[in-house]
Amino acid sequence: MDTPPPLPPSQHNPRPTPTIPRVRKGHIICPNPHCHYTGSPRKKARGSCLIGILLLCIFILPGILYFIFLGGYRYYCPACGIQTGNDT
Ligand SMILES: [Zn+2]
């Protein structure tokens, strides 16, 4: 009676884990190849709130337009200072 050859033990080849950077919400990956900072960015308001209010007081429409176009924030890498994105 022929016994089947024992199957080789299934070897778990340690697959190289793909280095997909997991970014949390609100975090950035620096596009700078020399930096690669990952984390929370430095937030900077795009427009000046004071100018917007001033414009609103003097001219209603330019003030509204100012807040529409200059509202939101810009994000900078805190490590190298490169701009990484806009948030409107
Ligand atoms: Zn950077």
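1. Confidence. This is a predicted model, and the mean pLDDT over the protein chain is 80, with 78% of the residues scoring at least 70. Among the elements of the protein chain, β2 has the highest mean confidence, at 90, and β5 the lowest, at 78. Where pLDDT is low, the predicted coordinates should not be read in detail.

2. Element order. The protein chain contains 5 strands and 2 helices. Read from the N terminus, the order is β-β-β-α-α-β-β.

3. Burial and contact range. Of the 88 residues in the protein chain, 7% are buried. Taking the contacts between residues at least 6 apart in sequence, 53% link residues at least 24 apart.

4. Helix pair, geometry. Two packed helices are described by the angle between their axes and the distance between the axes. For α1 (residues 49-58) and α2 (residues 60-70), the angle is about 155 degrees and the axes are 6 Å apart. An angle over 145 degrees counts as roughly antiparallel, and α1 and α2 are therefore roughly antiparallel to each other.

5. Helix pair, residues. On the α1 side, the contact is made by I51, G52, L55 and L56. These meet I60, P62, G63, Y66, F67 and L70 of α2. By type, the residues of this contact comprise 8 nonpolar and 2 polar, with no charged residue. The glycines G52 in α1 and G63 in α2 are both part of the contact, and Gly is counted as polar here.

6. Loop between β1 and β2. H36 sits in the loop that runs between β1 (28-29) and β2 (38-39). The phi angle of H36 is near 55 degrees, which is a positive value in a residue other than glycine.

7. Loop between β4 and β5. G81 belongs to the loop between β4 (73-76) and β5 (83-87). G81 has 11 other C-beta atoms within 10 Å and is therefore exposed. The C-alpha atoms of G81 and N32 are 9.7 Å apart in space, although these two residues are separated by 49 residues in sequence.

Technical notes:
Residues numbered from 1 in each chain as written. Predicted model: local features only at pLDDT ≥ 70, side-chain atom pairs only at ≥ 80, totals over all residues. Helix = DSSP H or I, 4+ residues; strand = E, 2+ residues; numbered from the N terminus. Buried ≥ 20, exposed ≤ 12 C-beta atoms within 10 Å, placed from the backbone. Contact = placed C-beta atoms within 7 Å. Axes fitted to C-alpha atoms, helices over the stretch in contact; angles between N-to-C directions. Parallel < 35°, antiparallel > 145°, perpendicular 65-115°, else oblique. pLDDT = per-residue confidence, 0-100.
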